[in-house]
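Please have the sequence and the model open side by side while you read this note. The points are meant to be taken in order, and each can be checked on the structure itself.

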Amino acid sequence: MIESKYDFDLDMNNTNSLSIMINQIKRGSKVLEFGPANGRMTRYLKEMLDCKVYLVEIDEKAGKEALQYGEDLLVDDIETYSWKKKYEDKRFDYITFADVLEHLKDPERVLREAKGLLKQDGSIVFSVPNLAHNAVLINLMNHEFEYNTVGLLDNTHIHFFTKNSIESMMNRAGLSVEKRFATYAPVGTIEIENTYQSVPGIDETYWKSRPFGDIYQFIYVTKRGPEFIKERENYLQSGIHPYFVQVYLDYGMGFDENISRTYAIENPYAAQAIEFDVDEGIRRIRLDPFNAPCMVELDVCTDTIEGEKKSLRFMETNADYRHQNKYIFTDIDPRIIFLPAQGRQFHTVRIEFHFVTIDSLKIKSMMEYFQHVCEEGKEKITDLEAKLRAEKQKCLEKENQVFEIQQKLQQELQQNQQERQRMEKEIAYLQEELNKHSATIQELMGSTSWKLTKPLRAAGDIVHRRK
């Protein structure tokens, strides 16, 4: 049943099915572990929680590795039920099935029989994959169903579960649910390769708001009956996919995941608001308004300084489109970076915003529209630029013509000025000559000889007239 592909290190630093199961087990408990594989959980229970662990494993080699940390081992198929005889004189605080029940033909009977080995207030703790994960349904709606080597559709799974089928099975087996947990993995992050847009005509928001649609594994803690349950706990998130806002603080060394604050978004269709005090020395603040593509509008982005609210200074963003306080992001990690309102110090920052849409199809469509508009605008600009260049060329040609005419007129003017100067000089010369002749005539007319010959000139005039 269990193969070597299930041999991997235990990760207690992150939330996964094994870490959740281990956290339900009290120190010093007696545990019956079905399907320990190579003993990754067994070792933790032994070394960190000082538990006594008894094992049932079908793979002999893997079982012997796990036995290093166990008290006893039975190598056999669970559904031979030889473990009932093997451990009939034992009563356990916990019996665990970590990703085991989906490999069994009749998991309901196994649970019913295992219940008999519990202490009166003991618990059966198990994890199973969720067949009703959005990724599985998306493929089914596209008439696809393929097994994988690991994951939800592991090719060794012979039983499949949904939340309701799990709880119906437990009721029939006589078990009562004390605690419900789950691990989450959105579409596109698991071994099944598809997206929220893979089914034409179904909006992305349908998948993201579908109850339990992003649950990857269910983890249950069960008791022998309701009388052994003091308080029921339900940690399942049934509704909108767990979204969040993240704020990064930069001391001058860059943005670091360890210096950030995360705020859950319970309802992405409601207005969002966060307010926080900022330590001295923070130079920049990075707001990641969403953990998926979105169109967001910042309503308030202020810092309160001595009782007065002042707007933070925008620095940069990875938005595909920004206009004033509106941003469109197609990136799954949207971000906006701000500087202090004044000086180099933040004080009490408040940010209010709302999502115009978180539907990536709409966002994609909107960006395509903008790109189309931009392309049309570019074409119009190109046409206008061509017309402008043509008009400019015409203007240049006219300017050249005007320049040529101006040059010609300038030359003619210069020639006329030169001719005028020549004529003025000639006139001056003639005037000078005239003046000389006039002076000579005047001098002649005032002489004695002119006076003596006056009668002769008069007689000559008479003769001339008679003729």
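The points below go through strands, a helix and its surroundings, a surface patch and some charged pairs.

1. Before the details, please keep in mind that this is a predicted model, in which local features need pLDDT of at least 70 and side-chain atom pairs count only at pLDDT 80 or more, while totals for chains, interfaces and linings use all residues. Residues are numbered from 1 along each chain as its sequence is written, and side-chain values use heavy atoms, with hydrogens and water left out.

2. Which strands make up the open sheet, and in what order? Five strands form it, in the order β10-β9-β12-β18-β15, with antiparallel pairing. Strands here are DSSP runs of E with at least two residues, helices are runs of H or I with at least four, and both are numbered from the N terminus; two strands pair if DSSP finds at least two bridges between them. At the edges stand β10 (260–265) and β15 (313–317), each with a single partner strand, so one side of each has no neighbour in the sheet. On average, neighbouring strands of this sheet are turned by 20° against each other, direction ignored, where the axes are lines fitted to C-alpha atoms (for helices over the stretch in contact) and angles run from 0 to 180 degrees between N-to-C directions.

3. Within that sheet, β12 (residues 284–288) and β18 (residues 336–339) run antiparallel and are joined by three bridges; L287 has I336 in β18 as its bridge partner.

4. A hairpin is formed by β13 and β14, with two residues between the strands, and there E306 takes a positive phi near 50°. The strands β13 (residues 294–305) and β14 (residues 308–311) run antiparallel and are joined by four bridges, and T302 is partnered by S311 in β14.

5. Helix α6 deserves a look for its buried residues, which are N134, A135, V136, I138 and N139; buried means under 20% relative accessible area, exposed over 50%, and partly exposed in between (1.4 Å probe, protein chains only). The cover over these residues includes α8 (204–209), contact meaning heavy atoms within 4.5 Å. After α6 comes H143, whose phi is positive, near 60°.

6. F145 lies in the loop between α6 (134–141) and α7 (163–172), and with a relative accessible area of 34% F145 is partly exposed. Together with L140 and Y147, F145 forms a nonpolar surface patch of about 270 Å² accessible area.

7. How many salt bridges does a search of the whole structure find? The search finds 25, a salt bridge being a side-chain nitrogen of Lys or Arg within 4 Å of a carboxyl oxygen of Asp or Glu. One of them joins the side chains of D89 and K90 (3.6 Å, N to O), and D89 counts as exposed at 60% relative accessibility.

8. Helix α9 (residues 360–445) holds both K394 and E391, three residues apart, about one turn of the helix, and the closest N and O atoms of their salt bridge are 4.0 Å apart. K394 is partly exposed at 47%, and E391 is partly exposed at 44%. Also in α9 are R420 and E424, four residues apart, about one turn of the helix; their salt bridge has its closest N and O atoms 3.0 Å apart. An α-helix has 3.6 residues a turn, so residues three or four places apart point the same way.

Conventions: Patches are made of residues with over 30% relative accessible area and no salt bridge: like charges are joined within 9 Å, nonpolar side chains (Val, Leu, Ile, Met, Phe, Trp, Tyr) within 5 Å. Accessible areas come from the Shrake-Rupley method with a 1.4 Å probe; for residues, only the protein chains shown count as cover.
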